Amino acid sequence: MTTTNPGLSRRRFLALSGTAVGGALAVGCSPASSTNTPAAGPSAGSTAKGTVTVMSQSGEFGPKEAKAAAQALGLTVKTVEYDLTKLTAMLASGNPPDVVRGMGATETPYLVARQVAENLDPYFEKSTLIKADDIDPVNDVWRYDGEKQGSGPRYGFAKDYSQDCTLWYNGALFDAAKVARPSATTPLLLDELLEEGKKLTKRQGAKVSVYGLNPNGLGLFTQLTWLTDLAGGKLTADDLASVDFSSPEAQRALTWYLEYAKAGIGPTVLNPDPNGWDGPTFQAGRMAATLSGYWLGGLFSGDAKSAKVAGFAPAPQFDTGRRVSPCFGGTGLWIPKASKNKDAAWAVMEWFLAGDPAKARAAGGWGIPPLKSLQKLMPQKLPYQKQAYEVQMAEKEHFSVMSFTPYVRLDAINTVIGRELPKAIKGTVSAGQLADTLNSQLNAQLADGKKRLR
């Protein structure tokens with residue numbers, strides 16, 4: 001499979017990757033409706049050979065993994081550190097990496113709408129390591145039919161995943177504050193969790209010494225989308241081309257988050273965690289509760305102090321009776337259409353996602369394996385691991401794919417929210433006024449992104 005993309009002119013490339021979409025991946029201009037045509041697929045009996053370049057983070061697929069892949073597959077495997085700007089330029093030049101890291105839940109529609117990603121269905125059909133009935137449903141975040149995420153061809157595959165709104169807590173901090181530890185079976189109500197977060201927060205003068213709660217997850221837009229869904233509404237329209245923060249359900253989501261932010265009980269855009277993420281803060285005994293997903297537990301297996309106090313609980317919910325436990329990452333790998341060595345790229349991808357490296361990741365507890373047959377390898381030796389495993393297996397029942405827009409990248413949306421949110425946290429604008437501003441700016445951004453695909 002050697003089909004290549006002749007690339008874009010510099011003028012066309014710049015027009016498609018303008019600031020309106022956050023310097024985003026924008027290669028090609030054909031509409032998503034034409035993306036369902038299957039690729040030619042690997043030739044029967046073909047043997048992968050040659051050089052494969054993988055663009056990923058060094059902590060996931062770096063030189064060590066490249067060497068192991070080369071030895072296992074008889075290929076030359078090179079790595080490039082993931083960088084969006086560099087990837088965009090490489091795609092535009094028609095000379096991209098052969099395998100690329102991506103977040104299936106939020107990137108798949110964007111990549112497919114621009115005809116950047118290869119339809120991998122022919123490879124999955126011939127795979128010796130990945131069988132259809134063994135694929136965890138979370139991998140549907142890597143599917144897109146041009147209108148709806150979760151159906152249509154597969155354009156990538158997760159290396160592991162979490163249901164990203166599940167709750168890790170420090171039991172010792174709950175006990176010290178005389179707050180009941182979260183149930184392993186019954187989700188906390190979000191309003192209850194917020195009040196508990198206030199009680200769990202510790203201050204030294206004007207500074208917070210222990211965060212009571214961090215509900216920020218993988219970013220504000222995805223969290224607000226989830227909260228709106230829990231309230232019984234939709235933040236994004238069915239055609240994925242507009243948002244509405246003014247609906248009663250979205251207002252409930254915004255109001256809840258603003259109460260959290262104004263209470264000063266956890267990190268916000270105004271007062272970010274100096275560590276940059278929850279892991280070190282939790283390990284230091286300075287985080288009582290965090291909506292971080294199962295994967296965070298991998299950090300505690302070599303940390304006896306954290307392992308002793310860590311507990312895991314289902315994703316919280318509002319009092320609507322609606323229970324949704326989404327995945328906003330589904331981080332994995334995809335193959336660009338313009339790759340010059342797709343057969344070999346698939347061999348590397350298949351080995352990393354379903355071979356020995358996948359078994360090692362499963363045993364480490366850093367996320368849930370993408371194949372059901374590997375989930376029995378998830379660690380259960382330590383008490384916190386056994387509890388987390390049991391909670392997570394029950395939580396899978398409440399997963400569903402939440403379609404993300406193909407018109408704007410997530411980072412561009414979060415930039416707007418991060419810029420406007422401080423005014424509401426400070427009280428200079430109301431939740432309703434914030435909604436009007438977000439609707440205006442984000443819908444203009446979405447309209448522009450949609451126009452660029454015509």
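**Cavities, pockets and selected helices of the predicted model**

The lining of the second largest cavity divides into five nonpolar, five polar and no charged residues, where Ala, Val, Leu, Ile, Met, Phe, Trp, Tyr, Cys and Pro count as nonpolar, Asp, Glu, Lys and Arg as charged, and the others, Gly among them, as polar. The structure is a predicted model, in which local features need pLDDT of at least 70 and side-chain atom pairs count only at pLDDT 80 or more, whereas totals for chains, interfaces and linings use all residues. Residues are numbered from 1 along each chain as its sequence is written, and side-chain values use heavy atoms, with hydrogens and water left out.

The second largest cavity holds about 50 Å³ of space, and its lining includes Trp168, Tyr294, Pro379 and Tyr384. Helix α14 (residues 383–395) provides the largest share of this lining, three residues; helices (H or I, at least four residues) and strands (E, at least two) are DSSP runs, numbered from the N terminus. Cavities and pockets were located on a 1 Å grid over the protein atoms alone, a cavity being a set of points where a 1.4 Å probe fits but cannot get out, and a pocket an open set with protein on both sides within 12 Å along at least five of seven lines, while lining residues have an atom within 4 Å of a point. Grid points are joined across faces, edges and corners, and a volume is the space filled by probe spheres set on the points.

Over the whole structure, three cavities of 30 Å³ or more are found. The largest cavity has a volume of about 110 Å³, and of the 14 residues lining it, Thr225, Phe328, Met402, Ser403 and Phe404 are the closest to its centre. Helix α8 gives the most to this lining, with three residues, and the lining as a whole comprises eight nonpolar, six polar and no charged residues.

The largest pocket, with a volume of about 960 Å³, is lined by 32 residues, of which Gln57, Glu60, Arg101, Lys159 and Thr331 lie nearest its centre. Elements giving two or more residues to this lining include α2 (63–73), β3 (99–103) and α12, and the lining divides into 13 nonpolar, eight polar and eleven charged residues. Lys159 is placed in the loop between β6 (156–158) and β7 (167–170) and is buried, with a relative accessible area of 12%, where buried means under 20% relative accessible area, exposed over 50%, and partly exposed in between (1.4 Å probe, protein chains only). Beyond residues up to four places away in sequence, Lys159 touches Glu60, Thr331, Gly332, Phe352, Leu353, Arg361 and Pro370, contact meaning heavy atoms within 4.5 Å.

Helix α12 (residues 342–354) has 13 residues, which at 1.5 Å a residue should span 18 Å, in agreement with the 17 Å between its end C-alpha atoms; the expected span is 1.5 Å times one less than the number of residues. Because 13 of the 13 residues of α12 are buried, this helix is largely enclosed by the rest of the structure.

In helix α9, the buried residues include Leu254, Trp256, Tyr257 and Leu258, and the elements covering the buried residues include α7 (190–200), α8 (220–230), α15 and α16. Asn443, found in helix α16 (residues 431–452), is partly exposed, with a relative accessible area of 23%.
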